[in-house]
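Dear colleague,

I am handing over the structure we spoke about, and below it you will find notes on what turned up when I went through it. Please read them with the structure open beside you.

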Amino acid sequence: MTADAAHDEDRDRSDGREDLPLGGYAALTAAFATSVAVFAGVARRRGVRLPDEVPPWDVALMGTAVYKTSRLLSRDKITRFVRAPFTRRGSDAPAGEILDEPRGTGVRRAVGDLVSCPFCVSVWVAGAAVASYACAPRATRLGCAGLGAVTLADWLQYAWTWTQQTTEN
């Protein structure tokens, strides 16, 4: 589903065809904001020095890792157990991904919306990546490099498949 289609779907839901779990969304937003505040307080108390700047290379590396982690959490078959309490099995998508659908009401539905949307869950993953980078930049770079390598490998798999399909036609 494209981002525009997702926004259109949300607009349709707010027109009364389907109730959005606004209270659940508010609870998730409060949990995210609280997590950021707790991290900032603990980091300050422990004397964590924030970097004066984040080099563009690190932003690109973390962005690639956030992308891959978000896809793994929201679409991968193996992480289905994380989403299962909040979603129902949807359709299969290319590359072995699953398009789960949120279920339930209230907070359960809001979490289902979150964990089934790679764009939504990426904000949470990015928050964790930034917190990790602030505390342990070298370890974060290493972890992000591994996820970046998986992303590159995925794209090479797509390129290989496309090449095979092109030569067969």
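Phe 32 counts as partly exposed, at 23% relative accessibility (buried means under 20% relative accessible area, exposed over 50%, and partly exposed in between, with a 1.4 Å probe and protein chains only). Before going further, please note that this is a predicted model, in which local features need pLDDT of at least 70 and side-chain atom pairs count only at pLDDT 80 or more, while totals for chains, interfaces and linings use all residues. Residues are numbered from 1 along each chain as its sequence is written, and side-chain values use heavy atoms, with hydrogens and water left out.

Aromatic pairs

The structure holds two aromatic pairs, where rings of Phe, Tyr and Trp (its six-membered ring) pair if their centres lie within 6.5 Å, and planes under 30 degrees apart count as stacked, over 60 as edge-to-face and the rest as tilted. Phe 32 belongs to one of them, with Trp 124 as its partner, in an edge-to-face arrangement at 5.2 Å centre to centre and 70° between the planes. Because Phe 32 lies in helix α2 and Trp 124 in helix α6, this pair ties together parts that are 92 residues apart in sequence (helices, H or I and at least four residues, and strands, E and at least two, are DSSP runs numbered from the N terminus). Trp 124 is partly exposed, with a relative accessible area of 31%.

Trp 155 and Tyr 158 form an aromatic pair that is also edge-to-face, at 5.5 Å centre to centre and 65° between the planes. Both residues lie in helix α7 (residues 137-168), three residues apart, which is about one turn of the helix. An α-helix has 3.6 residues a turn, so residues three or four places apart point the same way. Trp 155 is exposed, with a relative accessible area of 51%, whereas Tyr 158 counts as partly exposed at 40%.

The second largest pocket

A pocket is found on a 1 Å grid over the protein atoms alone, as an open set of points where a 1.4 Å probe fits, with protein on both sides within 12 Å along at least five of seven lines, and lining residues have an atom within 4 Å of a point. Of the 15 residues that line the pocket, the closest to its centre are Val 36, Phe 39, Gly 127, Val 130 and Ala 131. By type, the lining divides into 13 nonpolar residues, two polar and no charged (Ala, Val, Leu, Ile, Met, Phe, Trp, Tyr, Cys and Pro count as nonpolar, Asp, Glu, Lys and Arg as charged, and the others, Gly among them, as polar).

Buried parts

Helix α5 (residues 106-115) is mostly covered, with seven of its 10 residues buried, among them Arg 109, Asp 113 and Val 115. Val 115 is also one of the residues that Ser 74 touches, along with Arg 83, Ile 98, Ser 116, Cys 117, Pro 118 and Val 121, not counting residues up to four places away in sequence (contact means heavy atoms within 4.5 Å). Ser 74 itself is found in helix α3 (residues 56-75) and is buried, with a relative accessible area of 0%.

Ala 95 is exposed, with a relative accessible area of 54%, and its phi is near 65°, a positive value in a residue other than glycine. Gly 96 counts as partly exposed at 34% relative accessibility and, leaving aside its neighbours within four places in sequence, is in contact with Arg 75 and Lys 77.

Finally, the structure holds zero disulfides, a disulfide being a pair of cysteine sulfur atoms within 2.5 Å. Cys 135 counts as partly exposed at 46% relative accessibility, while Cys 144 counts as buried at 7%.

With best wishes
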